[in-house]
Amino acid sequence: MDDLIKKTAKKLVLAKNVAALTGAGISVESNIPPFRGPGGIWEKIDPMQYAHIDAFIKDPVKVWDVLLKNMKEIIDLAKPNDAHLGLARLEKLGILKTIITQNVDQLHQKAGNTDVIEFHGNFAWQRCMKCNNRFETRKVDLTKLPPQCECGEIYRPECVFFGEMIPPDDIERSEQVALECDIMLVIGTSAVVQPAAHIPVLAKRSGATIIEINPERTPLTKNISDWIIIGQAGRIMNNIIAELEAFL
Ligand SMILES: [Zn+2]
């Protein structure tokens with residue numbers, strides 16, 4: 001593993017345009033459980049009943065009670081971990097330009113990254129379904145659900161529900177980032193869900209080196225990734241940054 005960390009650090013120092021694609025796995029060390037996979041939220045509750053836009057419109061209190069309240073409590077307490085902070089350091093050093101994330105927790109922005117494309121929107125803000133007024137999720141009073149705008153209509157979280165489209169502008173921009181980067185770091189995601197799935201494929205086709213940091217091999221590992229560093233993202237990022245700073 002040490003060799004791969006050295007190799008990654010060297011490659012990053014020489015790169016001109018690095019992008020990162022991140023998913024739920026990067027936030028696990030910040031105590032945010034993933035939605036999909038073993039131990040994920042969708043094992044406990046049915047997303048079609050609690051995370052579909054139709055379910056929210058029909059009964060927002062039910063969706064708040066079962067899913068959103070829990071998410072708010074977890075995300076309110078969450079802090080960026082070493083993997084998020086490592087990516088923020090890479091941006092400060094002028095190496096990393098853009099993060100494409102499937103997460104809604106805004107931990108990349110909290111860590112200090114300034115260019116973050118959020119495929120699934122964010123949970124940090126609520127938006128009025130009528131007048132588009134916004135309200136910070138952490139300030140929502142959980143004793144009065146659902147949160148309501150001054151205009152009388154209800155707020156909805158700014159994240160993308162099942163049954164809703166990923167904003168086309170975000171997809172377009174991510175594709176542009178994939179085509180232009182010379183390295184793509186894929187961290188904490190197996191990238192099997194569209195539209196994230198085709199982003200590393202596009203990057204690879206346009207000549208980028210794909211470096212995966214994941215706890216286990218994924219469908220990308222064999223054909224798309226140039227190499228994978230297996231383990232906890234926080235510790236791996238710390239080691240990469242330490243190596244890389246020694247080169248500077
Ligand atoms: Zn309103």
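This is a predicted model: local features need pLDDT of at least 70, side-chain atom pairs count only at pLDDT 80 or more; totals for chains, interfaces and linings use all residues.
Let's start with the strands. In general, strands of a sheet pair through backbone hydrogen bonds, and they can do so parallel or antiparallel. Here the pairing is antiparallel, in an open sheet of three strands with the order S5-S4-S6. Strand S5 (134–136) and strand S6 (155–159) sit at the edges with a single partner strand each, so one side of each has no neighbour in the sheet. On average, neighbouring strands of this sheet are turned by 40° against each other, if you ignore direction.

Now zoom in on one pair. Strand S4 covers residues 121–128 and is joined to S5 by three bridges, with the two running antiparallel.

## Two helices side by side

To describe two packed helices, you give the angle between their axes and the distance between the axes. For helix H8 (residues 168–180) and helix H9 (residues 198–205), the angle is about 35° and the axes are 7 Å apart. Their crossing is right-handed.

Who meets whom here? From H8 come Ser174, Glu175, Ala178 and Leu179, and they meet His198, Ile199, Leu202 and Ala203 from H9. Sorted by class, that contact has five nonpolar residues, two polar ones and one charged one.

Notes: Residues are numbered from 1 along each chain as its sequence is written. Side-chain values use heavy atoms; hydrogens and water are left out. Two strands pair if DSSP finds at least two bridges between them. Helices (H or I, at least four residues) and strands (E, at least two) are DSSP runs, numbered from the N terminus. Axes are lines fitted to C-alpha atoms, for helices over the stretch in contact, and angles run from 0 to 180 degrees between N-to-C directions. A crossing is left-handed if the near helix is turned anticlockwise from the far one by less than a right angle, and right-handed if clockwise. Contact means heavy atoms within 4.5 Å. Ala, Val, Leu, Ile, Met, Phe, Trp, Tyr, Cys and Pro count as nonpolar, Asp, Glu, Lys and Arg as charged, and the others, Gly among them, as polar.
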